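Please read them with the structure open.

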Amino acid sequence: MNQQRRALEKLSDQHLEDRLHTPQSPEEHYVRAWDLPTRLFKWSLVVLILTAWISSGFSDPDMLVHKAAGYGILVLLVYRGLWGVVGGSTARFSNFVRSPAAAWHYLKSLRGKRTMHYLGHNPAGGLMVIGLLIVCAVQVLLGLFSSDGVTASGPFADMVGDTISGWAASIHATWFYVAILGLAFLHIAANLYYQFVKRENLIGAMVTGRKRRADYVDRNEATGGSLPLAAICLLVSAALVYGSITLLGGAFFNPA
C-alpha cells in the first residue's frame, strides 16, 4: 500500500512539474483589452470622418453624402456617450478619464524606464479621446447650422439666418483642418511612438481587442460589454438624433 501511495505521489509531482515547464499557448500570452463595440465605434468614426472629408469635394450640390456622413458621426458620438457609461470596463469613462495633472505626471514618466502600463487608455490617452470626441461634436454641430448660401445647408441653417449660417460654414471648414486633423495627427504620432519606441502595439490592440499579458496599473483583463446592450445604445442614439432634429423643426437632406 505504501509503495502504491509513493508511486502515485511521484506521478502527481511529475505531472505538476511537466505543467510548470510546458510552454504556454500563444493565446495565453494575451488578455482582452477592448470589447467589440468599442473597436467598431473607433473604426466606424474614422471611416465616416474620411467620407465626410472626401465627399466635401464631390460634384454634389446638395452634399448628400457629406450630410449622411455627418449624421452618422453624430449618431456615433451619442452612442459613445452612452457606451462610456454602460459599456465594457475599459470603454467606461470612469476607467480612463483623469485630471490634466495625472496626464502630465504620466507624460513625464515616459522619459524614465519605469513607465506605468495601462490595459485601457492611459491618463494622457484618455484626455486625447475626450478631446477628439469634443472637437468632432463641435464640427457636427457647426454643420447643422451651416449654409453655403447657394444649394447646400444644414437642417437649422434657415432658423439662424444667412449671416450666422455663413459664419458657421466658414468655421466648420476651418475647424476640421485645425482641430480635427491636428488632434488626429497627434493621436497617430502617439500611437507610432508607442509602436516603435515603447514597443506597445496599441493600433493592433484596437483591431484585435487584445494586448500582451503584463502588470497593468488599471486592471489585469477587461470585461467585455454586452452586444445586445450595444445594439440598444446604437438604436437609442439614432432615435435621439432623428427625433431631436425633427422636433426642433429641421429637415434631413433639405436643399437651401
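1. The model is predicted. The crossing of H6 past H7 is left-handed.

2. Which residues of H6 and H7 make the contact? On the H6 side they are Met128, Gly131, Leu132, Val135, Cys136, Val138, Gln139, Leu142, Gly143 and Leu144. H7 contributes residues including Ala168, Ile171, His172, Trp175, Phe176 and His187. By class, the residues of this contact are 17 nonpolar and five polar, with no charged ones.

3. The length of H6 can be checked. With 22 residues at 1.5 Å a residue, H6 should span 32 Å, and its end C-alpha atoms are 32 Å apart, so the two values agree.

4. The N-terminal end of H6 is capped by Asn122. A side-chain oxygen of Asn122 lies 3.0 Å from the backbone nitrogen of Ala124.

5. Helix H5, residues 100-109, also packs against H6: their axes come within 7 Å and cross at roughly 130°. H5 and H6 are therefore oblique to each other.

6. In the contact between H5 and H6, Pro100, Ala102, Ala103, Tyr106 and Leu107 of H5 meet Pro123, Ala124 and Leu127 of H6. This contact has eight nonpolar residues, no polar and no charged ones.

Terms used: Residues numbered from 1 in each chain as written. Predicted model: local features only at pLDDT ≥ 70, side-chain atom pairs only at ≥ 80, totals over all residues. Heavy atoms only, no water. Left-handed = near helix turned anticlockwise from the far one by under 90°. Helix = DSSP H or I, 4+ residues; strand = E, 2+ residues; numbered from the N terminus. Contact = heavy atoms within 4.5 Å. Nonpolar A, V, L, I, M, F, W, Y, C, P; charged D, E, K, R; others polar. Expected span 1.5 Å × (residues − 1). Polar contact = N/O pair within 3.5 Å; in protein donor to acceptor, adjacent residues only side chain to side chain. Axes fitted to C-alpha atoms, helices over the stretch in contact; angles between N-to-C directions. Parallel < 35°, antiparallel > 145°, perpendicular 65-115°, else oblique.
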